Amino acid sequence: MGEQPIFSTRAHVFQIDPNTKKNWVPTSKHAVTVSYFYDSTRNVYRIISLDGSKAIINSTITPNMTFTKTSQKFGQWADSRANTVYGLGFSSEHHLSKFAEKFQEFKEAARLAKEKSQEKMELTSTPSQESAGGDLQSPLTPESINGTDDERTPDVTQNSEPRAEPTQNALPFSHSSAISKHWEAELATLKGNNAKLTAALLESTANVKQWKQQLAAYQEEAERLHKRVTELECVSSQANAVHTHKTELNQTIQELEETLKLKEEEIERLKQEIDNARELQEQRDSLTQKLQEVEIRNKDLEGQLSDLEQRLEKSQNEQEAFRNNLKTLLEILDGKIFELTELRDNLAKLLECS
């Protein structure tokens, strides 16, 4: 059957700079699919990632490999066969933990496969046992085959507006205006916070560059001091002075190492602040979209209000015409009643005269 993918996720791929062995070099412009493969013919596990038709990761998992989490969203492992160190940047800590868990799982499976392979080589003389060391089955369930840990976009629930009654036709418009003003205030606040965070981000970036330069200078100074210590140890005629100087240099090196550690912690804190700034930017975009939706709803309510006003005006005109007709009928009725009254009086007089 050959190799089959048993677990997949998406991440940004990096490799260590082969010249400096310190800096990371990105090998993909965007997040790509990184998959674990199981080769049943050779009974090995591999990590493979393709950027188009180019293989940017082709690493065979061995029992002595170790996957290290260097931050909340970044992990790395060294491949001695490829003579490089691979780094993966994930979109969330959950994806990183899932990848590390699978790495440990397949590493253990590779160790068991290696032990079975060795036992199989030792027992090749026994035909009955030769067939017993079959292919190692994948420890994953079928649900994880070709599975991906792609990010899911949370659903946004729309707030439904109450339907206005004809007798309260002005309420939806005032209510939507209040909502619109509220979101405009929220957007203005977020814009102010975004400007502050952008300035802080630029300042933090400048500080990171400066600290990186200081770290490089400290490392060069530490290497120079180490070389100096080695030279002083070679001078036997000044053993006491060399010993004292060596102690001082070791203390200096220890102080420099502590300073480096503090700078690394500060850089990690700045990275977290950058992530928070990005989250606030996403919130601002979401509120902007909601504000646009409220404005559209506001326009719809204004149209409904205008339609209700026209209907009300038409109804008032009809009522006025009806009142005029009633008034005319009442006047006619009063005239008829007056005529009947005169007729009655005349009849009564005729009866009295007769």
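**Notes on the predicted model: a phosphoserine site, a core and a pocket**

1. Let's start with Ser306, which sits in helix 4. Keep in mind that this is a predicted model. The UniProt record annotates Ser306 as "modified residue: Phosphoserine". Is this serine buried, exposed or partly exposed? Its relative accessibility comes out at 33%, so Ser306 counts as partly exposed.

2. On to the largest nonpolar core, a set of 26 residues. The members that touch the most others are Tyr36, Tyr45, Ile47, Ile57, Trp77, Leu88 and Phe99. Helix 1 is the top contributor, giving seven residues.

3. Setting aside neighbours within four places in sequence, you'll find Trp77 in contact with Ile47, Ile57, Leu88 and Phe99, among others. The list also includes Ser59, Met65, Thr66, Phe67, Val85, Tyr86 and Phe103.

4. Now the largest pocket, with a volume of about 2,300 Å³. It has 45 lining residues, and those closest to the centre are Ser71, Phe74, Ile267, Glu268 and Lys271. Strand 1, strand 7 (74–79), helix 3 (171–234) and helix 4 (239–353) each give two or more residues to the lining.

5. Which element supplies the largest share of that pocket's lining? Helix 4 does, with 15 residues.

Key: Residues numbered from 1 in each chain as written. Predicted model: local features only at pLDDT ≥ 70, side-chain atom pairs only at ≥ 80, totals over all residues. Heavy atoms only, no water. Core = buried A, V, L, I, M, F, W, Y, C linked by side-chain atoms within 4.5 Å. Buried < 20%, exposed > 50% of the residue type's maximum accessible area, 1.4 Å probe, protein only. Helix = DSSP H or I, 4+ residues; strand = E, 2+ residues; numbered from the N terminus. Contact = heavy atoms within 4.5 Å. 1 Å grid on protein atoms, 1.4 Å probe; cavity = no way out; pocket = protein on both sides within 12 Å on 5 of 7 lines; lining within 4 Å. Points joined across faces, edges and corners; volume = space filled by probe spheres on them. UniProt positions renumbered as here; feature names shortened; annotations may be inferred.
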